[in-house]
Amino acid sequence: MTQPGSVMLPPSFAQELLWLTARVSPGDSSYNVPRTRKLVGPLDLDALRRAFDALAARHEILRTTYGFEGDRAVQVIHPATPVDFTVVDLSAQTNEAALAEARRLVA
């Protein structure tokens, strides 16, 4: 079910290929490439949240899911909403322990 304000459009050829690949190999994360960044200094969590919200508002693809309309794939572009993410504070751990935990969380 789509959210109020969502827009349904046909997928591009490349999007349809990725969608078909996901249907053939559910759970395959080959196209997901995690990236990490080490932040040094105090973190302004409110500014980080605003930046993620602005990024998602600006780029529809970050708000797009895929579904069906009849027997055809469609891309569903959802309205911009606040980005939900979890903050894990590792500052009380040693550098080595924090790095190991960060790697575990990314994996």
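Biologist: Let's start with R72. How does R72 count in terms of relative accessibility: buried, exposed or partly exposed?
Modeller: R72 counts as partly exposed, because its relative accessibility is 46%. Keep in mind that this is a predicted model.

Biologist: Noted! Which residue does R72 form a salt bridge with?
Modeller: The partner of R72 is E16, and the closest N and O atoms of that salt bridge are 3.9 Å apart. R72 sits in strand 3 (residues 72-77) and E16 in helix 1 (residues 13-24), so this pair ties together parts that are 56 residues apart in sequence.

Biologist: Nice. How many salt bridges does the structure hold?
Modeller: There are 3 salt bridges in the structure. Side chains of opposite charge can pair when their charged atoms come close.

Biologist: What does D46 pair with in a salt bridge, and how far apart are the closest N and O atoms?
Modeller: D46 forms its salt bridge with R50, and the closest N and O atoms there are 2.4 Å apart.

Biologist: And how are D46 and R50 placed in helix 2?
Modeller: They are 4 residues apart in helix 2, which means that about one helical turn separates D46 from R50.

Biologist: Is D46 buried, exposed or partly exposed? What about R50?
Modeller: D46 is partly exposed, with a relative accessible area of 48%. R50 is partly exposed too, and its relative accessible area is 48%.

Biologist: Which residue does E101 form a salt bridge with?
Modeller: That would be R104, with 2.8 Å between the closest N and O atoms. Both E101 and R104 belong to helix 3, where they are 3 residues apart, about one turn of the helix.

Biologist: While we're on R104, how far is it from T65, C-alpha to C-alpha?
Modeller: R104 and T65 are 27 Å apart in space by their C-alpha atoms, and 39 residues apart in sequence.

Biologist: How do the lining residues divide into nonpolar, polar and charged?
Modeller: The lining of the largest pocket has 15 nonpolar residues, 7 polar ones and 6 charged ones.

Biologist: Where does F52 lie, and how exposed does F52 count?
Modeller: F52 is part of helix 2. Its relative accessibility is 35%, so F52 counts as partly exposed.

Biologist: What about L45, where does that one lie?
Modeller: L45 is in helix 2. L45 counts as partly exposed, because its relative accessibility is 30%.

Biologist: How far apart are the C-alpha atoms of L45 and E60?
Modeller: Those C-alpha atoms are separated by 23 Å, while L45 and E60 are 15 residues apart along the chain.

Biologist: Last one from me: where does P79 lie?
Modeller: P79 lies in the loop between strand 3 and helix 3. P79 is partly exposed, with a relative accessible area of 26%.

Biologist: And what separation do the C-alpha atoms of P79 and A14 have?
Modeller: It is 23 Å between the C-alpha atoms of P79 and A14, for residues that are 65 apart along the chain.

Conventions
Residues numbered from 1 in each chain as written. Predicted model: local features only at pLDDT ≥ 70, side-chain atom pairs only at ≥ 80, totals over all residues. Heavy atoms only, no water. Nonpolar A, V, L, I, M, F, W, Y, C, P; charged D, E, K, R; others polar. Helix = DSSP H or I, 4+ residues; strand = E, 2+ residues; numbered from the N terminus. Buried < 20%, exposed > 50% of the residue type's maximum accessible area, 1.4 Å probe, protein only. Salt bridge = Lys/Arg side-chain N within 4 Å of Asp/Glu carboxyl O.
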